[in-house]
Amino acid sequence: MKNYTITVNGTVYDVTVEEGGAGSAPVRAAAPKAAPAAAPAPAAAPAGDAGSIEVSASVPGKVFKVEASVGQTVKSGDPIIILEAMKMEIPVVAPEDGTVASIEVSVGDAVESGDVLATLN
């Protein structure tokens, strides 16, 4: 028998799998355990530093290039960050005209869909 600990949607299960010959192996799952506590979230930036318009990732990927810099004026549709996902370069653009207030990521960072990449004023 082999024992595994599996986490599904934050619920932790202890699973025992019996090794057998022909056919499928029976699986026994114990009652779910409480998931381990998540690491505390990083402290939010002071309100004066961040802009009121958030620029978020539309897809999970890796930051390939940072096109804009803090203080730069951008127009709606101007690229701010370039993400690399599924071997494609995907521009993340300014949703409206403004000034870049903060860049929240660096080249090489992994991001998830919905993560805030930058803020505008």
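Analyst: Accessible areas here come from the Shrake-Rupley method with a 1.4 Å probe. With that method, the protein chain has an accessible surface of about 8000 Å². Carbon and sulfur atoms account for 54% of that surface. Keep in mind that this is a predicted model.

Start with the overall layout. The protein chain has eleven strands and zero helices. Its pattern along the sequence is β-β-β-β-β-β-β-β-β-β-β. Of the 121 residues in the protein chain, 23% are buried. Now take contacts between residues at least 6 apart in sequence: 47% of them join residues at least 24 apart.

Now the turn. Strands E7 and E8 form a hairpin, with two residues between them. E7 covers residues 79–85, and E8 covers residues 88–93. The two strands pair in the antiparallel sense, over six bridges.

Look at the loop itself. Met 86 sits in the loop between E7 and E8. Its phi is positive, about 50°, although Met 86 is not a glycine. Lys 87 lies in the loop between E7 and E8 too. Lys 87 is also not a glycine, and its phi is positive, near 65°. Are these residues buried or exposed? Met 86 has a relative accessible area of 71%, so it counts as exposed, because the cut-off is over 50%. Lys 87 reaches 85% relative accessibility and is exposed as well.

The largest nonpolar core has 17 residues. Those with the most contacts inside this core include Ile 80, Ile 81 and Leu 83. Strand E7 supplies at least two residues of the core, and strands E4 (53–56) and E11 (116–120) each do likewise. Val 111 is another of the residues with the most contacts inside the core. Beyond residues up to four places away in sequence, Val 111 touches Leu 83, Leu 117, Val 105 and Val 63, among others.

E4 and E11 also belong to a sheet. This open sheet has four strands in the order E4-E11-E9-E6, with antiparallel pairing. E4 and E6 (73–74) are at the edges, each with a single partner strand, so one side of each has no neighbour in the sheet. E6 and E9 (residues 98–103) pair over two bridges, in the antiparallel sense. Thr 73 has Thr 99 in E9 as its bridge partner.

Stay with E11 for one more residue. Thr 119 lies in this strand. Its relative accessible area is 4%, so Thr 119 is buried, because the cut-off is under 20%. The side chains of Thr 119 and Ser 102 are joined by a polar contact of 2.6 Å.

Finally, compare another loop. Glu 18 is in the loop between E2 (11–17) and E3 (27–29). Glu 18 is partly exposed, with a relative accessible area of 23%. Glu 18 and Lys 2 are 16 residues apart in sequence. From C-alpha to C-alpha, Glu 18 and Lys 2 are 6.5 Å apart in space.

Technical notes: Residues are numbered from 1 along each chain as its sequence is written. This is a predicted model: local features need pLDDT of at least 70, side-chain atom pairs count only at pLDDT 80 or more; totals for chains, interfaces and linings use all residues. Side-chain values use heavy atoms; hydrogens and water are left out. A nonpolar core is a set of buried Ala, Val, Leu, Ile, Met, Phe, Trp, Tyr and Cys residues joined through side-chain atoms within 4.5 Å. Buried means under 20% relative accessible area, exposed over 50%, partly exposed in between (1.4 Å probe, protein chains only). Contact means heavy atoms within 4.5 Å. Two strands pair if DSSP finds at least two bridges between them. A polar contact is a pair of N or O atoms within 3.5 Å; within protein, one must be able to donate a hydrogen and the other to accept it, and residues adjacent in sequence count only if both atoms are side-chain atoms.
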